[in-house]
Amino acid sequence: MNTDNKMKVEVWSDIVCPFCYMGKRKFEMALDQFPYKDKVQVEWKSFLLNPDAKTDTSISVYDYLARQKGWSTEKAREINRQVTEAAAGVGLEYNFDKAVVANTLRAHAFLQFAKKNGMQNEAGEKLFKAYFTEGKNVDDIPVLVKIAGELGLDTTGLHEALENGTYMDNVREDLYEAHQFDIHSVPFFLFDEKIGVIGAQPAEYFLDVLQKVYNRWKSITLKATMETAAPRTETAEQ
């Protein structure tokens, strides 16, 4: 149970994961329909699909996937075309022709910085758009600093934090938690530390889970509140 009187939803995702961006959008669609949205606290967690990935602006994402998956370049293009169509179905624009192959560790450090400043969701949205739509290098410090500036965040503070690796321990903590929960596929949504949902599920599915988990959370929270408020009965000595 959360002490801030909100039901927590934790989401592990990676910036270069196309299904994570779609999952974010579908979950937000569900949350917008949820009547108790103000009682839900969403926290984004770091996850690295490929921790050993090397940022390389000289190759296409198709060539990268072909190497990683053992596919042909043509197969990589076809699969990404299908993913692009699926993303368009929820209003997202994917431009894989422009995508920059990048390690996302630094981008996750930026998300941790944004989290500390209450702008994590907004920063995540901009990072997804930067990678999938705008073809920006999300491992590049100037790119991340520019995004921070657009959000009104302290750009000097972010630049120093990224140079010094200030938030890397926070990223590693999220990765450790993912290991503890045995998370191997993202996006992974954890509702109230109890119910896990894997993948970019339909908004209707997320809405159903939100309602069910919230009902239980509310019942437990109400019971705990009543027990805390109940007067103590003392027995006088005879």
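A cavity is a set of grid points where a 1.4 Å probe fits but cannot get out, whereas a pocket is an open set. The model discussed here is predicted.

Q: How many cavities of 30 Å³ or more does the structure hold, and what is the volume of the largest cavity?
A: The structure holds one cavity of 30 Å³ or more. The volume of the largest cavity is about 90 Å³.

Q: Which helix gives the most to the lining of the largest cavity?
A: The largest cavity is lined by 13 residues, and Ser-13, Ile-15, Trp-44, Leu-111 and Gly-124 lie nearest its centre. By class, the lining divides into four nonpolar, seven polar and two charged residues. Strand 2, helix 4 (105-116) and helix 5 each supply at least two residues. With four residues, the element that gives the most is helix 5.

Q: What is the volume of the largest pocket?
A: Of the 26 residues that line the largest pocket, Val-16, Pro-18, Leu-49, Leu-65 and Lys-69 are the closest to its centre. The lining has 18 nonpolar, six polar and two charged residues. The volume of this pocket is about 610 Å³.

Q: Which helix gives the most to the lining of the largest pocket?
A: At least two lining residues come from each of helix 1 (18-33), helix 2 (61-69), helix 3 (73-88) and helix 5 (120-132). The one that gives the most, with five residues, is helix 2.

Q: Which elements give two or more residues to the lining of the second largest pocket?
A: The second largest pocket has a volume of about 250 Å³. Its lining has five nonpolar, four polar and six charged residues. Among its 15 lining residues, Val-42, Glu-43, Trp-44, Gln-120 and Asn-121 lie nearest its centre. The elements that give two or more residues are helix 1, strand 2 (40-46) and helix 5.

Q: Are helix 2 and helix 3 roughly parallel or roughly perpendicular to each other?
A: The axes of helix 2 and helix 3 come within 8 Å and cross at roughly 115°. Angles of 65 to 115 degrees count as roughly perpendicular. Helix 2 and helix 3 are therefore roughly perpendicular.

Q: Is the crossing of helix 2 and helix 3 left-handed or right-handed?
A: In this pair, Val-61, Tyr-62, Asp-63, Leu-65 and Ala-66 of helix 2 meet Thr-73, Ala-76, Arg-77 and Asn-80 of helix 3. These contact residues divide into five nonpolar, two polar and two charged. The crossing of the two helices is right-handed.

How values were computed
Residues numbered from 1 in each chain as written. Predicted model: local features only at pLDDT ≥ 70, side-chain atom pairs only at ≥ 80, totals over all residues. Heavy atoms only, no water. 1 Å grid on protein atoms, 1.4 Å probe; cavity = no way out; pocket = protein on both sides within 12 Å on 5 of 7 lines; lining within 4 Å. Points joined across faces, edges and corners; volume = space filled by probe spheres on them. Nonpolar A, V, L, I, M, F, W, Y, C, P; charged D, E, K, R; others polar. Axes fitted to C-alpha atoms, helices over the stretch in contact; angles between N-to-C directions. Parallel < 35°, antiparallel > 145°, perpendicular 65-115°, else oblique. Left-handed = near helix turned anticlockwise from the far one by under 90°. Contact = heavy atoms within 4.5 Å.
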